[in-house]
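Try each task before you read its solution.

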Amino acid sequence: MNIPTFKVFLPPSEVLMPRLEEILYSGQISEGVPVVEFEHRFGQLIQCPDILSFNSGTAALHGALVLAGVRPGDEVISTAMTAEPTNMAILHAGAKIVWADVDPNNGNLTAESVAAKITSRTRAIMVVHYGGIPAPIDGIRAVANGIPVIEDAAHALGARYNNKPIGCHSEFVMFSLQAIKHMTTIDGGMLACNTFKGNANIKDLLAEGRKFRWFGIDRAAPRTEVDVSTVGYKYHMNNVTATIGLVQLDYIAPVIARHIANGKYFDQALQDIPGLSLCQWDAQAEPSYWFYTVLVKDREKFSRHLSANGIANSQAHKRNDLHSVFSSSRCNLPGLDAFYEKMIHIPCGWWVSDAQREFIVNVIRQGW
Ligand SMILES: Cc1ncc(COP(=O)(O)O)c(C=O)c1O
């Protein structure tokens, strides 16, 4: 038995390859019609009509921060319990990271801790749905009180909150399409832009975002007539990766459904095991279980026991406040201390079969 924690999902080659061949030899491989179509169809998936595509989730986060008005020297409240790009993007925007603390039951920011960290210099709040468990969006948005919230939903495609898909609750919501996410285009990032007080004029915001992702240039205007007035980057998506995305969209529903079915199975089957507790979340949150996080005693032993039985497991991420690049933000984070000491992720994605998930539960029930 060898059950990986992460696995790349690609559509069947007989479906994907003809579409790829067509676009590759079309003579139009940079940003064009397929990118626009992919933005439109991705928006339907998450019920947000206004999507900006990027060539990575990290670029999309950088875009979100700049569009939210974050400028060098501003403060952005964030979480250390995430992948490094969440916080690297804040440094790309030149801002100062202020850590808020997480709920030891799930690794997500708490509204109380965010509230305690808000100052007159706070320009945005970065919220991660760790592992696909929605953070307490209602509470965080209430304390944000108009400060733009950027949701990093890299792990949370298909998750829901208040009966609506993650993607439509905050000013900005980023999805990563990197290799091992629920859905991949090899690399890519999608930024959902929603209308709230701070970004009331979505049309202007989208135009600004399109310039930001392409050298500050308005691609729609004649090249020799444009004036570049702001710094821009080479962050746009291309037609080849967008085509992969368009084909992936035909397959994504059952992929996400299987993550969720396996996650819900573990929610039941892993109850009442000595030394193991399950994550907990808001009643209005519906996770999409990118991986399945358990909190265990004697984590090293637990990990060795699973590995010896061919079940991959991992902590996946180092708490970001331990990196020297983020050292100036260090502070006391007791919730994170408690979560980080016990958390470990086990496989629950689309590739885990009924027999494999039963096997995982039996191996854990044997004890470690
Ligand atoms: C939580 C989180 N945020 C951001 C990113 C960055 O996304 P990308 O790799 O698409 O740049 C990732 C993954 O790589 C991630 O796991």
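A salt bridge is a side-chain nitrogen of Lys or Arg within 4 Å of a carboxyl oxygen of Asp or Glu. This is a predicted model: local features need pLDDT of at least 70, side-chain atom pairs count only at pLDDT 80 or more, and totals for chains, interfaces and linings use all residues. Residues are numbered from 1 along each chain as its sequence is written, and side-chain values use heavy atoms, without hydrogens and water.

**Exercise 1.** Find the salt bridge formed by R160 and state its N to O distance.

Solution. Start at the side chain of R160. Its partner is the side chain of E286, at 3.9 Å, N to O. Next, look at the interface of domain 1 and domain 2: the rule finds one salt bridge across it.

**Exercise 2.** How much area do the domains bury between them, and which residues of domain 1 lose the most?

Solution. Buried area is the accessible area (1.4 Å probe) that two parts lose on being put together, summed over both. Here the total is about 3400 Å², with 61% on carbon and sulfur atoms. On the domain 1 side, M81, W99 and H182 lose the most area to domain 2. Together they make up 19% of what that side buries.
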